[in-house]
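Open the model in your viewer and keep the selection tool at hand. The tour goes stop by stop.

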Amino acid sequence: MLDIQLLRTDLANVAGLLAKRGHTFPIAEFNTLEAKRKLLQTRTQELQARRNDTSRRIGNAKGRGEDIAPILAEITNLGDELKQVEVQLELTQTALRQILLRTPNLPHDSVPEGNSEADNREVRRWGTPRTFNFAMRDHVSIGESLGLLDFQTAAKLSGARFSLMKGQLARLHRALSQFMLDTHTGEHGYTEAYVPYLANAESLVGTGQLPKFKEDLFETRRPGFKMTERLLPNEDSQRGSLSGESLFEHDYLYLIPTAEVPLTNTVRDQIIASELLPIRLTAHTPCFRSEAGSYGRDTRGMIRQHQFEKVELVQIVHPQRSYDTLEELTGHAENILQKLELPYRVMALCTADMGFSAAKTYDIEVWLPAQNAYREISSCSNCEAFQARRMQARFRNEKGKPELLHTLNGSGLAVGRTLVAILENFQNTDGSVSIPKVLQQYMAGLDRLTMQDKK
């Protein structure tokens, strides 16, 4: 969430930066609500002051033995008016907060300006795409011919955009996640976490999926379960933020779209000691996405599914370190592809192609021979204080005062898409698939997938 004080003092510039992201900020509505808030806040303070003064008068009158009935009537009227004004102020602040909750982050100065993914900028490449001397096939044909990948049965079980893996392919899928976790914990300094796969609404507000992207989530309801009402994070409105409100009190939980949600929210409503920074967390989880708006895209195979697995990387850091950390985190994801010997490129996303919470994003795209193209396999983002402000996640700075943290996240990597890349890049003329050397220890020494695994 953006700092409302920045909107109050530099609205035109903020609106211009948001326009580069393709977001039209409702300037007129914001100004109208802000003007109303100021009037109501001033009236509230006036009425509170009058009530306090009247209370003192009652005390003085009692001390003098005077009739206090007229003053009691006066304070009752003041109290009624104050309640009405406070209700109107809360409604106005709620409307302002709704605007902020649906407003994306501001792009960093280094983000290339653009209108679509065509304007993304290539940063670097690693590896050379393989040249095949036989008719190569895509991962669907390879997996089905080996009897290890079954989309027809998955569709019978759950519908479109699901897959069923069997035998050594399922084991290779498991091996990938184990290899990724071992690398990130053993070489990159992350702490492994096991997290809930269901998250409450406040967690999804914290990382930016709610309220704007509710249609992308799978929601569940547990009969008889009622979320405990809790105000969303707030600050005093005079200090440049908004008072909170229980916008999301209901009995729904959401299947996580990424482990970023539970991992980042571990610091929600906390003030972290600066010596504990940086916090590096990783988790392997299933991810669930409705893929709203993506119908007709990547309908074949495992590229875009409702359920997939991912090893997520999250870092929570001092604000002065966050852009160095973005380079570091991206390098951690790249290291996985290098160990797997999969060619890839790194793209700096343009203003119009970044995710909602990101101030700057690098996409890592792996080479898929059957598509003759690089496709996204990891997205690494610096969200600066955007998520921390929504979560009220802070640390104590060198002056001992609470300050918002910076949060970063990235895929390290998407397991299914990595499996797709292995099937296509390591396919052989006899229909088998070679297993990358770093994975063979997780496969009991098996060095290739063959027809022998078909059952």
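Which residue in S14 does Ile-272 stand opposite? Select Phe-395: that is the residue facing Ile-272. Keep in mind that this is a predicted model.

Now widen the view to the sheet. Its three strands run in the order S8-S14-S15, open and with mixed pairing. S8 (271–272) and S15 (402–404) are the edge strands; each has a single partner strand, so one side of each has no neighbour in the sheet. S8 and S14 (residues 394–396) run parallel, joined by two bridges.

Next, select Gln-315. Strand S10 (residues 307–317) holds Gln-315. Gln-315 is buried, because its relative accessible area of 1% falls under 20%. Show the contacts of Gln-315 beyond four places in sequence: among them are Tyr-190, Thr-325, His-332 and His-406. The side chain of Gln-315 also makes a polar contact of 3.4 Å with that of Arg-280.

Move on to Arg-280. Arg-280 forms a salt bridge with Glu-328, with closest N and O atoms 3.8 Å apart. This pair links strand S9 (residues 279–288) to helix H9 (residues 322–340), 48 residues apart. Arg-280 is partly exposed at 24% relative accessible area, and Glu-328 is partly exposed at 25%.

Jump to Glu-34 and Arg-8. Their salt bridge brings N and O atoms to 2.9 Å. Glu-34 sits in helix H2 (residues 27–64) and Arg-8 in helix H1 (residues 4–20), so the pair ties together parts 26 residues apart in sequence. Glu-34 is buried at 6%, whereas Arg-8 is partly exposed at 23%.

Last stop: Asp-298 and Arg-304, a salt bridge at 3.2 Å. Arg-304 is buried, with a relative accessible area of 13%. The whole structure has 21 salt bridges.

Technical notes:
Residues are numbered from 1 along each chain as its sequence is written. This is a predicted model: local features need pLDDT of at least 70, side-chain atom pairs count only at pLDDT 80 or more; totals for chains, interfaces and linings use all residues. Side-chain values use heavy atoms; hydrogens and water are left out. Helices (H or I, at least four residues) and strands (E, at least two) are DSSP runs, numbered from the N terminus. Buried means under 20% relative accessible area, exposed over 50%, partly exposed in between (1.4 Å probe, protein chains only). A polar contact is a pair of N or O atoms within 3.5 Å; within protein, one must be able to donate a hydrogen and the other to accept it, and residues adjacent in sequence count only if both atoms are side-chain atoms. Contact means heavy atoms within 4.5 Å. Two strands pair if DSSP finds at least two bridges between them. A salt bridge is a side-chain nitrogen of Lys or Arg within 4 Å of a carboxyl oxygen of Asp or Glu.
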